[in-house]
Structures are given as C-alpha cells and as structure tokens.
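Please look over the sequence and the model before turning to the points below.

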Amino acid sequence: MKSSNTILALVKKDLLLEMRQQYTLYGILLYVASTIFVVYLSMGQPDDAVWNGLFWVIQLFVCVNAVAKSFLAEGRGRMLYFYSIAGPVDFVLAKLIFNLLLMLVMSLLSLLVFSLLLGNPLQNFLKFTGIVCLGGVSLSLVFTFLAAIAAKAQQQSAMMAIMGFPLIIPQLLLLMKISGTGFSDVIQAGWWQMVFLLAGLDILVIALAVILFPFLWKD
C-alpha cells in the first residue's frame, strides 16, 4: 500500500511539473504538427505502405523528444532527495507510468493529425488505434529504460543512440507489420502471435527496469 502511494505521488509530481512548465508538451505538439504538415506539403496523401511507415518513424522521434529526456532532466540534488523518500523500484515504475501516459496522448494526437492532413486510408480504424496505443506503450517503455541507463553515463546522447538503435529497429519493424492489418479487413496469419510477442517484450523491459535500476540507484 505504501509503495503504491509513493508511485502515485511521484506520477502526480511529474504531471504537475509538466502542466506547470508546459514548454516540453507544447514543443512536442509543435514538432508533431509541423513534421506532418511538411510531409503533407511534399507528398500530399501517400499510399498505404508509405503512410504506415511515416507514421511510425514520426512516432519514434516523438518518443525520443517526449520520453527519453525524463531522467536527464533530474539533477543530482533532486535525485538525492528522491533517494531519501522513495525506493528505486517505486521511482522507476513511476517514471514508466508517467512516460507511458504521455506517449499514449502523443500517439493519439499524432494519429488525429495524420488522419486530418494525410487522409485516412484505414479500413479498420479501431484496430489501428489499439495498435497505436500498444506501440506508444512499447516505445515509451524502451526509451524510459534506456534513459535511466544513459542518465548515469557521461555521454548521455551517445549512449542513447548506441543502445537504442539495435533495440528499437526490430520493434519498429514489428509494429509496422502488425499495423498493416489496419489497412485491410483480412487478418494475416500469425498476427496475434506478433501482438503477444510485442506485449511480451514490454513485460521483459519492465522486468529488466525493476531488476537493474536498483544497481544504478545506488550510484
């Protein structure tokens, strides 16, 4: 009970800071709108495969801007304060939950702007929306975990690039393959297995964060 209260308090703290500062949120919204608008001006309304690929590539950069800096923004003094009031598992779970919620909002807004500017070629909009939510969760979990490790390194940007590339590329390819069913009414063979694989990867990332972050917390 105490642990859940601590996690909720830390999530509430991040939400209040985000609402008070707002420059991060507005900057991400501007990035999403301007990027999609430039794509619209240069390509008009692309075909299904290009639409799908562009959506997930933009989601990747949205996640980097929205999620990956969460640990880098915490100074040493603030981390010492958190060390005195919360445990490492509570802290990392609070970060995972907050970034998950933030990325869900960003993913749905991106889908809305994409549909308005680049057309809506989806045959099954609800299924694609569910995949977008699952993909936003997956991306946020991976980059939150990477940000926690990179925050303890001297070269944070380099660490994020080195560790993130081999992890995120297979995940993006899997997301693009899964989301392809949103453009037709036919479900391809093995679709549910790929969804369960993606969900399993999310659970694995959470487990790794819970197991490994306490060692980083002591530093």
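The model is predicted. Its largest nonpolar core comprises 61 residues, and the search of the whole structure for aromatic pairs finds eleven. The count of disulfides comes to zero.

**Nonpolar core**

- Within the largest nonpolar core of 61 residues, those with the most contacts are W51, F91, F128, I178 and F213.
- At least two residues of this core come from each of the helices α1 (2-21), α2 (23-43), α3 (48-66), α4 (76-85), α5 (88-117), α6 (125-150), α7 (156-179) and α8 (191-217).
- The helix that gives the most to this core is α6, with 13 residues.
- F91, one of the residues with the most contacts inside the core, touches L10, F71, M79, F82, F213 and W217 when residues up to four places away in sequence are not counted.
- F213, which F91 touches, is likewise listed among the residues with the most contacts inside the core.

**Aromatic residues**

- One aromatic cluster is formed by W51, F55, W56, F114, F128 and F183.
- F37 and Y40 form a tilted aromatic pair, with 6.3 Å from centre to centre and 35° between the planes.
- Because F37 and Y40 are three residues apart in helix α2, about one helical turn separates them.
- F37 has a relative accessible area of 40% and is therefore partly exposed.
- Y40 also counts as partly exposed, because its relative accessibility is 34%.

**Cysteines**

- No disulfide is found, as the count comes to zero.
- C63 counts as buried, because its relative accessibility is 0%.
- C133 has a relative accessible area of 23%, so it is partly exposed; the cut-off for buried is under 20%.

- With a relative accessible area of 44%, I85 is partly exposed, and a residue must be under 20% to count as buried.
- I85 and T6 are 79 residues apart along the chain, while their C-alpha atoms are separated by 8.6 Å.

Definitions and conventions: Residues numbered from 1 in each chain as written. Predicted model: local features only at pLDDT ≥ 70, side-chain atom pairs only at ≥ 80, totals over all residues. Heavy atoms only, no water. Core = buried A, V, L, I, M, F, W, Y, C linked by side-chain atoms within 4.5 Å. Buried < 20%, exposed > 50% of the residue type's maximum accessible area, 1.4 Å probe, protein only. Helix = DSSP H or I, 4+ residues; strand = E, 2+ residues; numbered from the N terminus. Contact = heavy atoms within 4.5 Å. Disulfide = S-S within 2.5 Å. Phe/Tyr/Trp six-rings, centres within 6.5 Å; stacked < 30°, edge-to-face > 60°.
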